[in-house]
Amino acid sequence: MMSESPGFQENVTGFSDRRVDRTDEPIPAVEKQLKRLVADGDLLAAVLAGEDGLTIVSSESESEERSDPEIVSALVGHISRIRGFAEVSFFKDRVRDLMIGDVSGLSCHCRFFDLMDQPVTLAIVLRNSERAEEILERGETGIRRIIEIHYLGEPSDGTC
Amino acid sequence: MGHVDFQKLKAFCEAVCRCNPEVAWIAVGDRQGLELVATGRISAPGVLDAPALAESVHAAGNKLMHACDLGSFDTMVMTGTRGYLMVMPLGELGILTVQTAPPPVAFSTIRGDIEWLRLRISELFV
């Protein structure tokens, strides 16, 4: 019997399969992962998008305050350009995370990483950004694991 | 832009640099991307380009927020191997850019002091 959902903190440890609600299909599995992030992190939306700003998978909050995933994806497309500019002109290396916030306290946090050699962006929108990095970390790890196990048979870092 | 007390502006920036060893440098630029004040390790790579970069980021950030129907652009923080680069608009006054040490230094630890600096700078321009 499946145990009850472990808490958010417990979920971020280790690399074993911790998914409670799972499917073997990669895209629905990533969708479930994002849904879980939205619920656990009290997010307005979570989106996995390409650098071009096109949505790959998304999930939005069921509460009244939510963000349109398509708008978040479009934001990712623009942010990718800003990031590219900063990488060339300032960092001389890859920018890992980018956060953009508005005056109301709403912020969009992006994590840039490669998935099966394709650059993707995980974007989350939330009000309280204190846990943003932890949520991005958990999201990236979960997505990587789902995709790499499905297509490569194991995570690229070799853990099971 | 009205009269600005650059001595005070520089003193505020220096105070934050002094109290936070994680801060590499602080630069305040005008809306044209020109440097007004730079403090900290100003010989570090990237300082000279910071106001121009900040101006570009600021312009893009504003357009972006508007296009996506979000509120006015308030902060942008980028994280890379060279540390955190923070860009904050100062209204009509200019743009504040701060570089700090890279992770594992937590950006949140100095965020309060940067907000304090932003407030003091805003008061200077009143």
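Let's start with two helices of chain B: α1(B), residues 6–19, and α3(B), residues 108–124, pack with their axes 10 Å apart at an angle of about 175 degrees. Angles over 145 degrees count as roughly antiparallel, so α1(B) and α3(B) are roughly antiparallel to each other. On the α1(B) side, the contact is made by B:Lys8, B:Leu9, B:Phe12, B:Cys13, B:Val16 and B:Cys19, and on the α3(B) side by B:Asp113, B:Ile114, B:Leu117, B:Arg120, B:Ile121 and B:Leu124. Sorted by class, this contact has nine nonpolar and three charged residues, and no polar ones. Keep in mind that this is a predicted model.

Chain A has a helix pair to look at as well. Helix α2(A), residues 26–41, and helix α4(A), residues 132–152, cross at roughly 165 degrees, and their axes come within 10 Å. These two are therefore roughly antiparallel to each other, and α2(A) passes α4(A) in a right-handed crossing. Among the residues that meet here are A:Val30 and A:Leu37 in α2(A) and A:Ile143 and A:His150 in α4(A). The contact of α2(A) with α4(A) divides into eight nonpolar, five polar and one charged residue.

| Helix pair | Angle | Axes |
|---|---|---|
| α1(B) and α3(B) | about 175 degrees | 10 Å apart |
| α2(A) and α4(A) | roughly 165 degrees | within 10 Å |

Now for the strands. An open sheet of 10 strands runs in the order β2(A)-β1(A)-β5(A)-β4(A)-β3(A)-β3(B)-β4(B)-β5(B)-β1(B)-β2(B), and its pairing is antiparallel. At its edges are β2 (55–60) of chain A and β2 (35–40) of chain B, each of which pairs on one side only. From one strand to the next, the twist averages 15 degrees. Helix α1(B) also packs on this sheet: it touches β1 (23–29) and β2 of chain B, and its direction makes about 30 degrees with that of β2(B).

Finally, look at the whole contact between the chains, which takes 24 residues from chain A and 24 residues from chain B. On the chain A side, α3 (69–91) and β3 each supply at least two residues, and α3(A) gives the largest share, 11 residues. That side of chain A divides into 14 nonpolar, four polar and six charged residues.

Note on methods:
Residues are numbered from 1 along each chain as its sequence is written. Chains are lettered from A and ligands numbered from 1 in the order in which they are written. This is a predicted model: local features need pLDDT of at least 70, side-chain atom pairs count only at pLDDT 80 or more; totals for chains, interfaces and linings use all residues. Axes are lines fitted to C-alpha atoms, for helices over the stretch in contact, and angles run from 0 to 180 degrees between N-to-C directions. Helices (H or I, at least four residues) and strands (E, at least two) are DSSP runs, numbered from the N terminus. Angles under 35 degrees count as roughly parallel, over 145 as roughly antiparallel, 65 to 115 as roughly perpendicular and the rest as oblique. Two residues are in contact if their C-beta atoms, placed from the backbone, lie within 7 Å. Ala, Val, Leu, Ile, Met, Phe, Trp, Tyr, Cys and Pro count as nonpolar, Asp, Glu, Lys and Arg as charged, and the others, Gly among them, as polar. Two strands pair if DSSP finds at least two bridges between them. A crossing is left-handed if the near helix is turned anticlockwise from the far one by less than a right angle, and right-handed if clockwise.
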